[in-house]
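Open the model in your viewer and keep the selection tool at hand.

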Amino acid sequence: MGGQDLHILVLAGGNSTRIKTGGPKALLDLCGRPLLEWVFEATSGLAAASRQVVLGGVHQQAIEKHLRKRGLVAEEGQDPASKPWQVVEQPEALGTGDAVRCAFPTLPEEGRLLILCGDTPLLQAETLAALCQAPGGALLTARFPDPTGYGRILRDAEGRLQAIVEQADCDAETAAIQEGNAGVYCLDLAKLRLAIAELDTDNAQGEFYLTDAALQVLKQSGGHSHCLESGHQQVEGVNTLAQLALVSVILRQQILAEHMASGVILADPSTTYIETGVEIGPGATIHPFCVLRHGVRIEAGCEVGPFAHLRVGAHLEAGSAIGNFVEAKNARLGPGAKAKHLTYLGDAVIGAKANIGCGTITANYDGKIKSQTQIGEGAFIGSGTVLVAPVKVGDGAITGAGAVVTRNHDVAEGQTVVGVPARPLPSPSVESA
């Protein structure tokens, strides 16, 4: 089986009834990335998966629209194979076995099929790689302190896999088993097609169980189960907002640990929120109560916070500083530039060693379009200044406290402006000798 082509199927067809947000669970934001894309990330290291399919349900159109916007699914009229993933529909929620059946027309007749749940964002690539290398296929299980909700794994006296019993079908003795089915399989695709065709709905939920077909395939192929004895967090599913919060805490701890291992100084990790996709250079210091969103870049030796909010497109060059209660979005601070207090920097380019005074606002949005503010090297922006974009402040220029620099009224290099609206200070008179 190891030499066969690998294909991937992610089951994301749930109705999201327990989430109660009204939208698809698969697209809930989790540390700067949709829940579903964390599962994609876990598969990205697998060698050359030939077909990658997402099974949608009630929220299929929303999922497909999002993935198309991200460039992961082909546009209408394009060859579906031109993009990494394809989305297929499960018209009715008839069980996981039926979900796999709905994906069959999109998949080849033969090969290996890795089946994943779209709500398990903590899965590790190394775990999936080991599962896919198992001869004869494999099932991922885990030992849970509380296995409620998971299908139980039944073994014989020699430890061989005998049955997978869904929660709804468990008696008291079976329910006490702590080893549960993680819902992750690598199976022979040709054998799985035959097993799925034989499924019936003779069970407590009246559904087609993938577990029944998977068990049959593994026994025929000489496959086995791969049990996570102490890594059950990897397969924690998200079925409620409380569970989403739980996995968010785990992921954020992982993200923080990676940054600290790279030389980033986190003054208080427990009060620091950093999403995935944030770049921070060694020697940078992040003070408590900061929020760093996906797409932020902070170079070496910078200082951020406390209580700073950096949004997508914020870029701090080496040695620059963002202080307390400062928000930045699509803003670039040059080397040594500083904005230390109570400031909003939106759609701004700030030159090296410029000083942005307390309470400064770049008024970037007029209700229709967003425009850019440019502040030159060594400029000094006085406290309470409002810069109405589009506007430029030249190198070494100064704005007085409370100045309002209106749109398209640029401040020349070395010039000082004050007032509302801001006007240049008159040149000092020269007395005759």
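Buried here means under 20% relative accessible area, exposed means over 50%, and partly exposed lies in between. The model is predicted.

**Stop 1: the cysteines.** Select C290. Is C290 buried or exposed? With a relative accessible area of 1%, C290 is buried, because that value falls under 20%. Now show its sulfur and look for a partner. The closest cysteine sulfur belongs to C302, 13 Å away, which is too far for a bond. A disulfide would need the two sulfur atoms within 2.5 Å.

C358 is partly exposed, with 28% relative accessible area. How many disulfides does the structure hold? The count is zero.

**Stop 2: a strand residue.** Select residues 52–56. This is strand β4, and L55 lies in it. L55 has 0% relative accessibility, so it counts as buried. Next, draw a distance from the C-alpha of L55 to that of P147. The two residues are 92 apart along the chain, and the C-alpha atoms are separated by 26 Å.

**Stop 3: the charged patch.** Switch to a surface view. Select D169, D200, D202 and D212. Together they form a negative surface patch. Zoom in on D200. Where does D200 lie? It sits in the loop between α6 (189–197) and α7 (210–221). D200 is partly exposed, at 45% relative accessible area.

Definitions and conventions. Residues numbered from 1 in each chain as written. Predicted model: local features only at pLDDT ≥ 70, side-chain atom pairs only at ≥ 80, totals over all residues. Heavy atoms only, no water. Patch = residues over 30% accessible without salt bridge, like charges linked within 9 Å, V, L, I, M, F, W, Y side chains within 5 Å. Areas by Shrake-Rupley, 256 points an atom, 1.4 Å probe, with all protein chains shown as cover. Salt bridge = Lys/Arg side-chain N within 4 Å of Asp/Glu carboxyl O. Lys, Arg positive; Asp, Glu negative; His and termini not counted. Charge placed at Lys NZ, Arg CZ, Asp CG, Glu CD. Helix = DSSP H or I, 4+ residues; strand = E, 2+ residues; numbered from the N terminus. Buried < 20%, exposed > 50% of the residue type's maximum accessible area, 1.4 Å probe, protein only.
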